[in-house]
Amino acid sequence: MKKFLPILLLAFVSLFIYSCDDDNDNNNFVDHDTYSVAYDITPTFSKTNNNLYQYSDEFNTPLVESDVVLIYLQTGLTNNNSPIWRLLPYTFFTNNNTAVDYSFDFSKYDIGINVNSTLDLSVNPTYYTNKRFRVVVVPASAGKSTQVDYNDYNSVIRYYKIDESKIKTKN
């Protein structure tokens with residue numbers, strides 16, 4: 001019996017030594033169920049009133065609760081015909097210094113884009129027709145990172161490793 005008690009005590013103590021291993025605290029969690037996606041849209045806006053035009057679109061499948069949507073408006077082309085993207089919300093000022101506001105909202109099921117101005121948009125369709133937008137869906141866990149400037153479209157594409165050659169236009 002005297003030889004059994006030290007062995008039992010040693011087994012008991014070794015259980016606590018093993019349970020205090022904190023090696024798993026140094027592992028970084030990687031979210032493998034969400035990946036970044038981007039696609040283009042050229043929406044047909046609906047008139048709400050003379051100063052507000054709206055567009056809404058449903059996702060093919062609902063987003064994961066933690067996903068974030070970024071929407072960029074193509075505002076022009078560079079000298080080598082590369083698109084220039086502006087993150088929404090974005091305010092464009094006309095020649096007479098009137099503001100045209102582009103904004104958006106999203107849920108896990110859909111997105112909405114608004115074009116709003118004190119300008120009568122019904123007689124100025126250039127502010128809402130033939131506009132190209134890029135919708136980028138990113139995981140929110142990485143979305144809180146300060147390593148990426150979301151206003152800089154190219155920074156977002158690089159950070160989330162989105163292959164621009166695979167970006168399609170959604171019908």
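Q: Two strands pair if DSSP finds at least two bridges between them. How many bridges join E4 to E5?

A: Strands E4 and E5 run antiparallel and are joined by five bridges. Strands (E, at least two residues) and helices (H or I, at least four) are DSSP runs, numbered from the N terminus. Leu77 has Pro83 in E5 as its bridge partner. The two strands form a hairpin with five residues between them, and Asn81 in the turn has a positive phi of about 65 degrees. This is a predicted model, in which local features need pLDDT of at least 70 and side-chain atom pairs count only at pLDDT 80 or more, while totals for chains, interfaces and linings use all residues. Residues are numbered from 1 along each chain as its sequence is written, and side-chain values use heavy atoms, with hydrogens and water left out.

Q: In what order do the strands of the open sheet lie?

A: The open sheet has five strands in the order E5-E4-E9-E1-E10, with mixed pairing. Its edge strands, E5 (83-87) and E10 (168-169), each pair on one side only. Inside the sheet, E4 (residues 67-77) and E9 (residues 133-139) pair in the antiparallel sense over seven bridges, with Leu70 bridged to Val136 in E9. For the protein chain, the secondary structure comes to three helices and ten strands.

Q: Which residues touch the most other members of the largest nonpolar core?

A: A nonpolar core is a set of buried Ala, Val, Leu, Ile, Met, Phe, Trp, Tyr and Cys residues joined through side-chain atoms within 4.5 Å; buried means under 20% relative accessible area with a 1.4 Å probe, protein chains only. Here the largest core has 24 residues, and Tyr102 and Phe133 touch the most other members. The elements giving two or more residues to this core are E1 (37-41), E3 (52-58), E4, E7 (99-106), E8 (110-117) and E9. Residues up to four places away in sequence aside, Phe133 touches, among others, Tyr39, Ile71, Trp85, Tyr102 and Ile113; contact means heavy atoms within 4.5 Å. Another core, of 15 residues, lies apart from the largest one and includes Leu70, Tyr72, Val138 and Tyr150. Across the protein chain, buried residues make up 34% of the 171 residues.

Q: Where is the pLDDT below 50?

A: The pLDDT is the predictor's confidence in each residue, from 0 to 100. The protein chain has a mean of 85, and 78% of its residues reach 70 or more. Over residues 28-32 the pLDDT is below 50, and this stretch has two contacts in the model beyond near neighbours in sequence. Where pLDDT is low, the predicted coordinates should not be read in detail.

Conventions:
Buried < 20%, exposed > 50% of the residue type's maximum accessible area, 1.4 Å probe, protein only.
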